[in-house]
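Dear colleague,

Please find the structure below, handed over for your own work.

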Amino acid sequence: MKKNIEISPNVETLFGTRDENLRLLEDGLNVTIAMRADSIEIEGAASDVARAEQVFADYKHLVRNGFTFVNGDLGSMIRVLTADSTATLRGLVEAGKQRSFGKRTVQPKSIHQRRYLEAIEKHDMVFAIGPAGTGKTYLAVAMAISALLSKRVNRIILARPAVEAGERLGFLPGTLQEKIDPYLRPLYDALYDMLDPDKVDRYLEKNVIEIAPIAFMRGRTLNDSFVILDEAQNTTSEQMKMFVTRLGFNSKAVITGDITQIDLPNSNRSGLLEAIDILKGVEGIRFCYFDESDVVRHHLVQRIIRAYDDFKGRNEQLSLTLEARNGNGYATARRSNGQVSAVNAERDVPLAEAPPVETPPDAQNRATE
């Protein structure tokens with residue numbers, strides 16, 4: 001099917017740099033888009049052509065009503081609507097208008113991010129699990145600010161476990177707040193990115209926004225609050241149970257973490273991993289998962305995450321191969337922290353099945369003498 005649509009004013013913005021947005025539409029909707037002298041020709045299946053035509057119609061309506069697309073938001077929206085057949089360009093923009101994010105306009109840049117924002121709106125407790133750079137913390141802080149500015153909550157509480165990433169920082173000078181600030185800096189960065197610095201400082205001074213290590217949460221009941229637990233993979237089982245039971249009336253909790261970056265000592269199991277197993281069937285709790293396709297940092301970050309995942313997969317396959325070959329019971333493959341090592345297992349073998357121990361000739365001669 002072919003369909004020609006009229007070229008509207010300022011439609012070149014929809015095309016994107018070097019027509020990159022048109023390529024996204026063509027690849028995502030399985031259509032071909034061509035420029036004609038006075039029109040745009042769309043060719044493909046009837047349903048796909050209709051969806052592409054709807055994108056152009058929505059764009060024309062939004063521009064006519066004064067909406068301006070900035071910072072690559074249009075490309076992000078196109079990626080979302082091509083991945084979700086129920087999404088429309090107009091619907092994504094109007095959903096963003098309903099949320100007030102301070103001085104920033106925040107749009108989901110992938111289908112998983114969109115579902116994440118919708119889950120936070122509909123559920124009182126949401127777990128966001130995925131690799132670094134997928135917007136888990138940033139979007140949670142954005143939704144918290146939106147709830148605060150619209151007076152749906154009275155305060156924001158941001159918590160993080162104070163765990164070093166593979167090193168020991170030792171003694172830190174200063175007051176208690178100065179000691180814990182290095183661990184909480186990413187949360188400050190997100191706040192200052194969305195609100196004016198003076199407003200952030202004022203909220204912090206009045207405890208409208210509170211940032212604290214998770215260890216300080218015990219015994220509290222958090223009413224009328226939007227609570228975010230960041231880096232949840234570094235909580236212990238006890239800390240996670242303590243946190244999820246702090247929720248009071250008219251409150252929301254968002255727990256974010258990356259289960260591939262656990263910095264706890266080997267003897268402690270991550271509280272996030274345990275919570276996934278225990279709470280996955282609890283009504284009212286939603287789990288949102290991200291992957292490398294959701295990364296919104298430098299394009300190299302996607303490739304780096306994919307390379308680490310591939311490396312981990314090869315190690316796990318090697319472990320299974322070694323275990324499959326372990327039919328004689330004399331050696332077994334063990335896997336620890338992604339590494340495979342061979343461990344002598346003779347102590348686990350019954351005496352009758354153990355291989356005979358050969359005595360060196362010189363030792364036999366000494367025994368005879």
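Ser251 counts as buried, at 4% relative accessibility; buried means under 20% relative accessible area, exposed over 50%, and partly exposed in between (1.4 Å probe, protein chains only). This is a predicted model, in which local features need pLDDT of at least 70 and side-chain atom pairs count only at pLDDT 80 or more, while totals for chains, interfaces and linings use all residues. Residues are numbered from 1 along each chain as its sequence is written, and side-chain values use heavy atoms, with hydrogens and water left out.

Ser251 is placed in the loop between helix H10 (237-244) and strand S8 (252-257); helices (H or I, at least four residues) and strands (E, at least two) are DSSP runs, numbered from the N terminus. The side chain of Ser251 reaches the backbone nitrogen of Asp224 at 3.1 Å.

The model has 9 salt bridges, each a side-chain nitrogen of Lys or Arg within 4 Å of a carboxyl oxygen of Asp or Glu. One of them joins the side chains of Arg160 and Asp230 (2.9 Å, N to O). Arg160 lies in strand S5 and Asp230 in the loop between S7 and H10, so this pair ties together parts that are 70 residues apart in sequence. Arg160 is buried at 12% relative accessibility, and Asp230 is buried at 4%.

Another salt bridge pairs Arg23 with Glu26 (2.8 Å, N to O). These two residues are 3 apart in helix H2 (residues 20-29), and therefore separated by about one helical turn. Arg23 is partly exposed at 36%, whereas Glu26 is buried at 15%.

Yours sincerely

Conventions:
A polar contact is a pair of N or O atoms within 3.5 Å; within protein, one must be able to donate a hydrogen and the other to accept it, and residues adjacent in sequence count only if both atoms are side-chain atoms.
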